[in-house]
Amino acid sequence: MNAKLKGEARRKIILDGYAKNEPLKDIAAKLGCSLASLKVSASKLGCTRTPKEAAAFRRGFHIPEQKRQDYYQLMVAGQYHARECAVILGIIPVNYPSIE
């Protein structure tokens with residue numbers, strides 16, 4: 001899809017992509033536009049992710065509210081990576097599949 005999409009088709013791809021939690025780069029590639037252009041279009045449609053949702057998406061797992069403070073303490077003071085903190089706190093199992 002090298003041609004740029006306009007109008008209703010563009011809106012549908014953006015809304016579907018955000019609903020399915022697709023990576024923004026993939027949505028932008030489908031549209032044939034830049035990442036910045038996609039973010040502006042999504043903002044105008046009102047379907048952007050909140051900072052908390054975006055962080056959870058990048059991380060690949062959700063942190064429960066009751067463990068959030070401990071998680072960030074391990075991240076900052078303990079100098080652990082996100083996945084290591086989650087394993088220590090029991091949020092994900094040791095053999096949790098990696099996104100990479």
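Predicted model: local features only at pLDDT ≥ 70, side-chain atom pairs only at ≥ 80, totals over all residues.
**The contact of α2 with α3**

Select residues 24-31, which form helix α2, together with residues 35-45, which form helix α3, and look at how their axes come within 9 Å and cross at roughly 95°. Since angles of 65 to 115 degrees count as roughly perpendicular, the two helices α2 and α3 are therefore described as roughly perpendicular to each other. To see which residues make this contact, show the side chains of L24, K25, I27, A28 and L31 on the α2 side, which meet L35, L38 and K39 on the α3 side. Colouring the residues of this contact by class gives 6 nonpolar and 2 charged, with no polar residue among them.

**R68 in helix α5**

Next select residues 65-76, the helix α5, and within α5 pick out R68. Is R68 buried or exposed? With a relative accessibility of 14%, R68 counts as buried, because the cut-off for that class is under 20%. Leaving aside residues up to four places away in sequence, the neighbours that R68 touches are K52, H62 and I63.

**The aromatic pair**

Finally, select Y71 and Y72, whose ring centres lie 5.3 Å apart with the planes at 75°, so the pair is edge-to-face; the structure holds 1 aromatic pair.

Methods:
Residues numbered from 1 in each chain as written. Heavy atoms only, no water. Axes fitted to C-alpha atoms, helices over the stretch in contact; angles between N-to-C directions. Helix = DSSP H or I, 4+ residues; strand = E, 2+ residues; numbered from the N terminus. Parallel < 35°, antiparallel > 145°, perpendicular 65-115°, else oblique. Contact = heavy atoms within 4.5 Å. Nonpolar A, V, L, I, M, F, W, Y, C, P; charged D, E, K, R; others polar. Buried < 20%, exposed > 50% of the residue type's maximum accessible area, 1.4 Å probe, protein only. Phe/Tyr/Trp six-rings, centres within 6.5 Å; stacked < 30°, edge-to-face > 60°.
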